[in-house]
Amino acid sequence: MSKVASRLFTFFVGVPLMIGIVMWPSLNHLPLHLVLILAASVGASELHDIFAVNHKLLPIKFLVCCSAFIATVAALFAVLPAIFNFNHPYGQEIITFAYILVLLLILVLEVFTAPDFKDSLDKIATSAFVITYTGFLLTFISRMTIWQMNGTSITTPCICIFLLMVFFTDSIAWFFGVLLGKSTRGLVKASPNKSLVGFFGGLLGAAGAGVIGYFIWQDLFEGGLVKLIVTGVLIAFSSIVGDLAESVFKRSAGVKDSGNIIPGRGGMLDSLDSIVMSAPIFYILFSIFFGPFN
């Protein structure tokens with residue numbers, strides 16, 4: 001599939017599909033949580049394979065289970081109260097606790113099973129990064145599914161705006177880069193085809209997504225247009241950095257794509273790279289600008 005075809009497929013098929021899943025509110029967005037668990041699992045497997053080219057890691061099945069465990073705890077935190085109709089007896093710290101527990105398990109496994117310790121630092125550091133990147137960072141999307149304002153869920157508009165910011169960054173940056181950016185390419189060694197014009201196009205795209213979100217849900221974000229534009233610009237920056245960082249992972253390992261499960265896009269990580277780095281930024285900024293969300 002050509003680059004143009006893959007971009008069109010993503011924009012006209014992938015984006016509406018993800019928005020449709022987000023707008024399916026059953027059991028506090030259970031379908032979205034299932035997608036996040038799948039993404040964490042596949043992403044951990046792909047990142048393990050990339051890092052394993054040059055580094056020692058703990059077993060792949062263990063790391064996949066760890067990432068899936070963190071994503072599952074985050075899902076249960078949101079879904080169980082909707083199933084059994086109870087208020088949270090604990091805060092979101094339970095998700096952080098699951099993450100810390102997994103880090104502890106990584107240390108325990110290496111301490112008690114390693115035949116020698118010459119590769120222990122490499123194994124612990126890379127394994128901890130895998131579960132952080134593919135498991136923990138995605139939980140910031142799960143956390144948004146319990147957001148309420150004045151007793152009404154605001155999950156759908158918030159996550160839709162977030163995804164539109166990320167998707168618009170990628171698509172508009174690509175469009176500006178192809179159309180106007182040939183003379184400004186090669187500035188970033190991690191991805192020589194990326195251009196300075198594309199970078200600014202991505203900033204405009206995410207800011208534009210914020211403007212669109214403001215006018216669609218104006219009653220929700222009344223007086224918050226500037227805040228949404230600022231959020232969009234910062235999300236664009238984090239999305240671009242996330243995309244470039246994954247390029248560094250792949251270049252270091254000498255691979256073109258993280259996998260081949262998504263037509264025209266490669267692996268799961270090739271579509272998640274911008275999202276995982278932007279989700280915590282969006283979560284924090286929205287909590288500051290429009291929260292607290294109870």
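Biologist: How many of the 17 residues of H5 are buried?

Modeller: Burial is read from relative accessible area, where buried means under 20%, exposed over 50% and partly exposed in between, with a 1.4 Å probe and protein chains only. In H5, 12 of the 17 residues are buried, so this helix is largely enclosed by the rest of the structure. Please keep in mind that this is a predicted model, in which local features need pLDDT of at least 70 and side-chain atom pairs count only at pLDDT 80 or more, while totals for chains, interfaces and linings use all residues. Residues are numbered from 1 along each chain as its sequence is written, and side-chain values use heavy atoms, with hydrogens and water left out.

Biologist: Where does helix H5 run, and what is its reach from first C-alpha to last?

Modeller: Helices here are DSSP runs of H or I with at least four residues, strands are runs of E with at least two, and both are numbered from the N terminus. The expected span of a helix is 1.5 Å times one less than its number of residues. H5 covers residues 120–136, and its reach of 22 Å is close to the 24 Å expected.

Biologist: Which residues of H5 are buried, and what covers them?

Modeller: The buried residues include Ser 120, Lys 123, Thr 126, Val 130, Tyr 133 and Gly 135. Their cover is judged by contact, meaning heavy atoms within 4.5 Å, and it includes H2, helix H3 (60–84), helix H4 (93–113), helix H6 (139–144), H9 and H10.

Biologist: At what angle do H4 and H5 pack?

Modeller: Axes are lines fitted to C-alpha atoms, for helices over the stretch in contact, and angles run from 0 to 180 degrees between N-to-C directions. H4 and H5 pack at about 155°, with their axes 10 Å apart. That makes H4 roughly antiparallel to H5, given that angles under 35 degrees count as roughly parallel, over 145 as roughly antiparallel, 65 to 115 as roughly perpendicular and the rest as oblique.

Biologist: Is the crossing of H4 and H5 left-handed or right-handed, and which residues meet?

Modeller: A crossing is left-handed if the near helix is turned anticlockwise from the far one by less than a right angle, and right-handed if clockwise; H4 passes H5 in a right-handed crossing. From H4 the meeting residues include Tyr 99, Leu 103 and Glu 110, and from H5 they include Lys 123, Ala 128 and Phe 136. By class, this contact has nine nonpolar, four polar and two charged residues, where Ala, Val, Leu, Ile, Met, Phe, Trp, Tyr, Cys and Pro count as nonpolar, Asp, Glu, Lys and Arg as charged, and the others, Gly among them, as polar.

Biologist: How do H9 and H10 pack?

Modeller: Helix H9 (residues 225–253) and helix H10 (residues 268–290) pack at about 150°, with 8 Å between their axes. That makes H9 roughly antiparallel to H10. Their crossing is right-handed. Among the residues in contact are Leu 234, Gly 242 and Glu 246 of H9, together with Met 277, Phe 282 and Phe 289 of H10. The contact divides into 12 nonpolar, six polar and six charged residues.

Biologist: At what angle does helix H7 pack with H9?

Modeller: H7 (residues 155–180) and H9 pack at about 55°, with their axes 9 Å apart. H7 and H9 are therefore oblique to each other, and this crossing is right-handed. The contact includes Ile 161 and Met 165 of H7 as well as Gly 232 and Ile 240 of H9. It has seven nonpolar, four polar and no charged residues.

Biologist: Are Gly 267 and Lys 189 buried or exposed?

Modeller: Gly 267 lies in the loop between H9 and H10, and this glycine is buried, with a relative accessible area of 0%. Lys 189, in the loop between H7 and helix H8 (196–216), is exposed at 78%. Within helix H7 itself one finds Ser 171, which counts as buried at 16% relative accessibility.

Biologist: Where do Asn 150 and Asn 28 lie, and what are their phi values?

Modeller: Asn 150 lies in the loop between strand S1 (148–149) and strand S2 (152–153), and has a positive phi of about 55° although it is not a glycine. Asn 150 is also exposed, with a relative accessible area of 79%. Asn 28 is found in helix H2 (residues 26–51), and its phi, near 60°, is likewise positive in a residue other than glycine.
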